[in-house]
Amino acid sequence: MWRYAVLATAIVMAVVAVLAFRGSGGGESAAQSAPVKAQTLDRRGARIVHYRLDGRDQVAVVPQKADGRLLVLLHGRGSGPQQFLTNALFKELGSTASPVVVMLNGGDHSFWHNRNSGKWASMVLNTAIPDAKRRFHTTGKVEIGGTAMGGYGALHIASLRPSEFCGVGAHSASLWRRSGATARGAFDNAVDYRANNVFRAIGKLKKTQVWMDVGDGDSFRAADSELARKLSVVLHVYPGGHDIAYWNSRLPIYFAFYRHACGAAS
């Protein structure tokens, strides 16, 4: 019997190892960006809007005191728009006049750039933002931010048309300095990486206000630090890792930046 017990233990350990390997990849795993357990939401008067766009489910939150601005949030790898639907978000939106927040759907690992799987950046710029402005009656320039994969996406998309954005928030942005170090699936190949490398878009990103932050235990800290230095912006380093708990706890700081960067629309 003991032989069967040993064999069963070995099988379980092998399965666990395989699952752990599949979840790894250059510091940006699906597990790190996955949403937390569902919670009872206190919307504080805000309205959640679900709608279809570009064949995917999108989510928006219209605060009770909408001030005319539009904030686009991009989720992390292995997550989705629902990542942002937390009480921490509704608390911020209910504290004062706030922007309409549109949470776009970037699939599992699009990394928010135009590639073989789709024109993800073009979708945000040419379809999602114009649609949101019409749908929710916002005016003025747009704020864009994101976590992990979405942090990279916010930087990349803003670099394509910096004049359209008044503020860019890169929260624990998933960045790599060379194509060989990237997570599996982040880019199609080395050519795709070079074409969409935000380190080559420094001049364009300097044309808008950029906020960057990262946890002191985040594997992306070194790359984020280098980009911040090249952009001549402060990299805000806080206790924490690359996860939902870190981002939710920093929402008051993020929204303080967005309010200052763009202000209320006239």
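Guide: Welcome! A cavity here is a set of grid points where a 1.4 Å probe fits but cannot get out, and its lining residues have an atom within 4 Å of a point. Please keep in mind that this is a predicted model.

Visitor: Thanks! Which residues line the second largest cavity?

Guide: This cavity has a volume of about 60 Å³. By class, its lining has seven nonpolar, three polar and no charged residues. The lining residues are Y152, S174, L175, W176, F187, Y193, N196, N197, V198 and F199.

Visitor: Which element gives the largest share of the lining of the largest cavity?

Guide: In total, 14 residues line this cavity, and F84, T147, W247, L251 and Y254 lie nearest its centre. Three elements, β7 (142-147), α9 (244-249) and α10 (251-262), each supply at least two lining residues. The largest share, four residues, comes from α10.

Visitor: And how many charged residues are in that lining?

Guide: Sorted by class, the lining of the largest cavity has eight nonpolar residues and six polar ones. For charged residues, the count is none.

Visitor: Let's turn to the nonpolar cores. Which residues touch the most other members of the largest one?

Guide: Nonpolar side chains in soluble globular proteins tend to be buried together. The largest nonpolar core here has 53 residues. Its largest share, nine residues, comes from helix α4 (residues 120-136). The members that touch the most others are I144, L155 and L175.

Visitor: How many residues are in the core that lies apart from it?

Guide: This other core includes L93, M103, I244 and Y246 among its members. Its number of residues is 25.

Visitor: Leaving aside neighbours within four places in sequence, what is L155 in contact with?

Guide: L155 is one of the residues that touch the most other members of the largest nonpolar core. Two of its contacts, V168 and V210, are also bridge partners of each other. Leaving aside neighbours within four places, L155 is in contact with V168, A170, A173, L175, V198, L205, V210 and L227.

Visitor: Which residue of β8 is the bridge partner of G145?

Guide: β7 and β8 run parallel and are joined by six bridges. One of these pairs G145 with its partner in β8, G169.

Visitor: Which residues of β9 point the other way from V210, M212 and V214?

Guide: In a regular strand the side chains alternate between the two faces of the sheet. Strand β9 (residues 210-215) has six of its six residues buried. V210, M212 and V214 point one way, and pointing the other way are W211, D213 and G215.

Visitor: What is the bridge partner of M212 in β10?

Guide: Strand β10 (residues 235-238) runs parallel to β9, with four bridges joining them. In β10, M212 has as its bridge partner L235.

Visitor: Is D67 buried or exposed?

Guide: D67 is found in strand β3 (residues 66-74). In sequence D67 is 30 residues from A97, yet the two are 5.5 Å apart in space, C-alpha to C-alpha. Buried means under 20% relative accessible area. D67 has 13%, so this residue counts as buried.

Visitor: Is W112 buried or exposed?

Guide: W112 lies in the loop between β4 (98-104) and β5 (114-115). Phi of W112 is near 55°, a positive value in a residue other than glycine. The relative accessible area of W112 is 0%, so this residue is buried.

Visitor: And S232, buried or exposed?

Guide: S232 also has a positive phi, near 60°. The residue lies in the loop between α8 (221-231) and β10. Exposed means over 50% relative accessible area. With 61%, S232 is therefore exposed.

Visitor: Finally, what percentage of the chain's residues count as buried?

Guide: The chain has 10 helices and 10 strands. Of its 266 residues, the share that counts as buried is 51%.

Methods:
Residues numbered from 1 in each chain as written. Predicted model: local features only at pLDDT ≥ 70, side-chain atom pairs only at ≥ 80, totals over all residues. Heavy atoms only, no water. Core = buried A, V, L, I, M, F, W, Y, C linked by side-chain atoms within 4.5 Å. Buried < 20%, exposed > 50% of the residue type's maximum accessible area, 1.4 Å probe, protein only. Contact = heavy atoms within 4.5 Å. 1 Å grid on protein atoms, 1.4 Å probe; cavity = no way out; pocket = protein on both sides within 12 Å on 5 of 7 lines; lining within 4 Å. Nonpolar A, V, L, I, M, F, W, Y, C, P; charged D, E, K, R; others polar. Points joined across faces, edges and corners; volume = space filled by probe spheres on them. Pairing = 2+ DSSP bridges.
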